[in-house]
Amino acid sequence: MTTPLAAKIAKEYGTPCAVIDMVRVERNIARIQKACDEAGVANRPHIKTHKNPMLAQLQIKAGAKGITCQKLGEAEIMADAGIDNILISYNLLGDEKMARLGALQAKANVTVAADNSVVVGDLPKAAAASGRPLSVVVECDTGRKRAGVETPAEAIALAREIAASKGLSFAGFMLYPTETGWADAQKFYDEALAGVRAHGLDATIVSTGGTPNLKNLGKLKGGTEHRFGTYIYNDRMQVAAGVATWDDCALHIYSTVVSRAGPERGILDAGSKTLTSDTGGLEGHGLILEHPEARIARFAEEHGFLDLSRSNTRPNVGDVVRIVPNHVCVVVNMMDEVVMVRGDEIIGALPVTARGKLR
């Protein structure tokens, strides 16, 4: 069954199409800002989810202190739109990036993260190019085993190295605790803070992160800010983590059923180039709202393979269905634009301005 709005979307924009409900977007922004305010922690939203300056401005207008970007290219897009106070939460290396970072720092207040001496050794070039000091936080691994120094002793040593580098200013620590690892993160942070203070330094920024860590917001004693990303749209992963409901999911992929060659199978026009192969550890590749028992079992590039064997209702060829993606951040990066709606009214298309900014 195709809803009236889905029929209008398909007629005006075609499918597959990413659609955001601005009522839910605004509600999600307000909900997380309220949670931050009540916890006494600044909100520094991560724009990697939506990649659009207009939405970043909505977050700032609601009370966010600044934004987080994962890549330099994203930060350049945001700064060009007049957004200030940007944290780049990623190691930056090389002369090309230092020149760009210097130009960015000349027009916006930027803080960058580092977890090793090679990165720290490059950053003075950017500071010199910008003509003003560059703030640097030490990224700390508190259990995810992704990036970050692994011990408080390493964090202290790197902080001292930053402070001793011409043009650099040690600003604090950046952490991304696991959902169950906040006690360990506290122990790590306390030891690192005591160590830098013993050398005459202090941490003005203590940044934690992750939408699934909503339940832990404010638990790190000394934390100053939190980096929420996915919350603006939410997805299947956030519902599974217990930090969002289906009604909080603001982005849906509208997709047309283009084949029903067998009674228990079908094909969507949304494949791996739309929904991506990132399952987020969940079964299937998204929830079909009209047929929740159906499973998007596998992909070709432009084919979504439907397993309807457990579905009580089955779509027909031509039906337009709405899909909640597993991991919305990677799905958005596949899109040139998202279509905005408010209730059943189509507002228009919004470009994914920082799409593909991987450098």
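Tutor: Helix α4 (residues 72–80) and helix α5 (residues 95–105) pack at about 25°, and their axes are 11 Å apart. Axes are lines fitted to C-alpha atoms, for helices over the stretch in contact, and angles run from 0 to 180 degrees between N-to-C directions. Helices (H or I, at least four residues) and strands (E, at least two) are DSSP runs, numbered from the N terminus. This is a predicted model, where local features need pLDDT of at least 70, side-chain atom pairs count only at pLDDT 80 or more, and totals for chains, interfaces and linings use all residues. Residues are numbered from 1 along each chain as its sequence is written, and side-chain values use heavy atoms, with hydrogens and water left out.

Student: How are α4 and α5 oriented to each other?

Tutor: Angles under 35 degrees count as roughly parallel, over 145 as roughly antiparallel, 65 to 115 as roughly perpendicular and the rest as oblique. The angle here is about 25°. So α4 and α5 are roughly parallel.

Student: Which residues make that contact?

Tutor: Contact means heavy atoms within 4.5 Å. From α4 come Leu72, Gly73, Ala75, Glu76 and Ala79. From α5 come Lys97, Arg100, Leu101 and Leu104.

Student: How do the residues of the contact of α4 with α5 divide by class?

Tutor: Ala, Val, Leu, Ile, Met, Phe, Trp, Tyr, Cys and Pro count as nonpolar, Asp, Glu, Lys and Arg as charged, and the others, Gly among them, as polar. The contact divides into 5 nonpolar, 1 polar and 3 charged.

Student: What is the relation of α2 to α3, oblique or parallel?

Tutor: The axes of α2 (residues 22–39) and α3 (residues 53–61) come within 9 Å. They cross at roughly 40°. The two helices are therefore oblique.

Student: Which residues of α3 does α2 meet?

Tutor: On the α2 side are Met22, Val25, Ile29 and Gln33. By class, this contact has 5 nonpolar, 2 polar and no charged residues. The α3 partners are Leu55, Leu58 and Gln59.

Student: Now the pockets. What volume has the largest pocket?

Tutor: On a 1 Å grid over the protein atoms alone, a cavity is a set of points where a 1.4 Å probe fits but cannot get out, and a pocket is an open set with protein on both sides within 12 Å along at least five of seven lines; lining residues have an atom within 4 Å of a point. Grid points are joined across faces, edges and corners, and a volume is the space filled by probe spheres set on the points. For the largest pocket that gives about 830 Å³.

Student: Which residues lie nearest its centre?

Tutor: The largest pocket is lined by 32 residues. By class they are 10 nonpolar, 12 polar and 10 charged. Nearest the centre lie His46, Lys48, Gln70, Arg146 and His327.

Student: Which residues lie nearest the centre of the second largest pocket?

Tutor: This pocket has a volume of about 220 Å³. Its lining has 14 residues, and β1 (17–21) and β10 (251–262) each supply at least two. Nearest the centre are Asp21, Arg24, His252, Tyr254 and Arg322.

Student: Which residues line the largest cavity?

Tutor: The whole structure holds 2 cavities of 30 Å³ or more. About 60 Å³ of space lies in the largest. Its lining is Glu139, Cys140, Asp141, Thr142, Arg144, Arg146, Ala147 and Tyr176.
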